[in-house]
Amino acid sequence: RRILRGAGRQVRRDTKARLKEQRGLSGTNWQGRSDGRKKRMLRRLGKGIQVHTTPNNATVTFGNKRLGQIARVHQEGITLTKTAQQAVKINGVPDYGALASRKQAKSLRDSGYKIRKKRGKGWKVPSLKWITENISVGQAGLILRILRGNKKAKSSWDVKLPARSFMGQNRHEQKELKNYMLDEAFRLR
């Protein structure tokens, strides 16, 4: 039981190290956040990892059921379906009269939004500054929907979460663990 507890603790240590380094089992960096922020991901998961041992086996798991669910989602990577009602519950009802955000301005420009030139001779792509100063959130949403060919606003959409593996062991760690267990077994003799 002591050998298994030590092995479980080693697995927990390796898992916490991967979480801290933001690396997967293969040693590669995790895929970054979709919004481009550089803030560390899954920071608090390491605190919930527990080791349970019996005379025949050791289990590395999460003590909190909710933490375990979050860990599984990120370990395997899944597709979630979000609804407009969930977005309103999280973000609140948007102020459609407020000026468009920079993100909306970039989306408008990328979707091919153009305005008339000063003297009515042709079309031009407006600057982000012009869009954020002259178009409201509601107008930007409507224009985007028209440019993208959507008849009405989406009521639900899919969000793909990439797999960020951190639980488990790679070959090198398995070798180290076997050596540790053999050394401990010989020491007990």
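Val-88 is partly exposed, with a relative accessible area of 40%, in a model that is predicted. This residue is placed in helix 3, which covers residues 84-91. Together with Val-93 and Tyr-96, Val-88 forms a nonpolar patch on the surface, and the accessible area of the three residues together is about 320 Å².

The partners are Trp-30 and Phe-166, whose rings lie 6.4 Å apart from centre to centre, with 65° between the planes, an arrangement that is edge-to-face. The pair links distant parts of the chain, 136 residues apart: Trp-30 lies in the loop between helix 1 (2-21) and strand 1 (49-53), whereas Phe-166 lies in the loop between strand 6 (156-160) and helix 7 (171-188).

Trp-30 is buried, with a relative accessible area of 9%, and Phe-166 is buried as well, with a value of 0%.

## Helix 2 and its buried side

Helix 2, residues 65-76, has twelve residues and reaches 17 Å from its first C-alpha to its last, which is close to the 16 Å expected at 1.5 Å a residue. The buried residues of this helix are Leu-67, Ala-71, Val-73 and His-74. Because these residues cover an arc of only 160° around the axis, they are on the same side of helix 2.

Conventions. Residues numbered from 1 in each chain as written. Predicted model: local features only at pLDDT ≥ 70, side-chain atom pairs only at ≥ 80, totals over all residues. Heavy atoms only, no water. Patch = residues over 30% accessible without salt bridge, like charges linked within 9 Å, V, L, I, M, F, W, Y side chains within 5 Å. Areas by Shrake-Rupley, 256 points an atom, 1.4 Å probe, with all protein chains shown as cover. Salt bridge = Lys/Arg side-chain N within 4 Å of Asp/Glu carboxyl O. Helix = DSSP H or I, 4+ residues; strand = E, 2+ residues; numbered from the N terminus. Buried < 20%, exposed > 50% of the residue type's maximum accessible area, 1.4 Å probe, protein only. Phe/Tyr/Trp six-rings, centres within 6.5 Å; stacked < 30°, edge-to-face > 60°. Expected span 1.5 Å × (residues − 1). Arc of directions from axis to C-beta.
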